[in-house]
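Open the model in your viewer and keep the sequence panel beside it.

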Amino acid sequence: MIRPILKEAHFYETPEENKDFCVSVVLDVGSEEVHGTDQFYATVANANGLRDFFIGEIVVPIRGLLLIKSFDISLIKSEIQKILDKCSKDTWEETAKSINRYFPWEFDEMKWK
C-alpha cells in the first residue's frame, strides 16, 4: 500500500490573528519512498471568511474546503494528513484519485490509458 504524505503546504497568505479568513493552499503530496510530489488544492476558511463566495450566488459547491474555527498551520497540516491516511491504495494513481475526492488534483480530469 502507498501511504500519501503531506510534504509541504503552501499558503497564499497568513491571516491576522482573530480575523475572518479564506485562504488558498497548494498541497505537495507524495509517498515516503519517492522524492517527488503531486499537487492538490484546498481552501481553508472560517465560517465568516466564506461570505465572499456567496455574494450573488444561491448555491456554491465547494470541494477541497476545510472549515475551521481559527487559523492554526499545525492543526491544518495534521487534519490534512488524517484525510490523506484514509487514501492509501496499491498504486500512486489509485492513491491520487482517492485524494482527489477530497482535494482537487493537478491531474484531476486527465484521461489515463
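Select Glu-93 and Lys-97: their side chains form a salt bridge, with N and O 3.0 Å apart. A salt bridge here is a side-chain nitrogen of Lys or Arg within 4 Å of a carboxyl oxygen of Asp or Glu. Both residues belong to helix α3, and because they are four residues apart, about one helical turn separates them. Helices (DSSP runs of H or I, at least four residues) and strands (runs of E, at least two) are numbered from the N terminus. Glu-93 is partly exposed at 30% relative accessibility, and Lys-97 is partly exposed at 40%. Buried means under 20% relative accessible area, exposed means over 50%, and partly exposed lies in between, with a 1.4 Å probe and protein chains only.

This is a predicted model, in which local features need pLDDT of at least 70 and side-chain atom pairs count only at pLDDT 80 or more, while totals for chains, interfaces and linings use all residues. Residues are numbered from 1 along each chain as its sequence is written, and side-chain values use heavy atoms, leaving out hydrogens and water.

Next, select Glu-79 and Lys-82. Their closest N and O atoms are 3.0 Å apart, in another of the five salt bridges. The two residues are three apart in helix α2, so about one helical turn lies between them. Glu-79 is partly exposed at 32% relative accessibility, and Lys-82 is partly exposed at 46%.

Now select Asp-85 and Arg-3, whose side chains meet in a salt bridge of 3.1 Å, N to O. Asp-85 lies in helix α2 and Arg-3 in the segment before β1, so this pair ties together parts that are 82 residues apart in sequence. Asp-85 has 36% relative accessibility and counts as partly exposed; Arg-3, at 34%, is also partly exposed.

For the last stop, go to the nonpolar core. Which residues have the most contacts inside the largest core? They are Leu-27, Phe-40, Ile-80 and Phe-103, in a core of 22 residues. The elements giving two or more residues to this core are β1 (4-11), β2 (22-31), β3 (38-45), α2 (73-85) and α3 (92-100). Such a core is a set of buried Ala, Val, Leu, Ile, Met, Phe, Trp, Tyr and Cys residues joined through side-chain atoms within 4.5 Å. Finish by selecting Ile-80. Leaving aside neighbours within four places in sequence, Ile-80 is in contact (heavy atoms within 4.5 Å) with Leu-6, Leu-27, Leu-66 and Phe-103.
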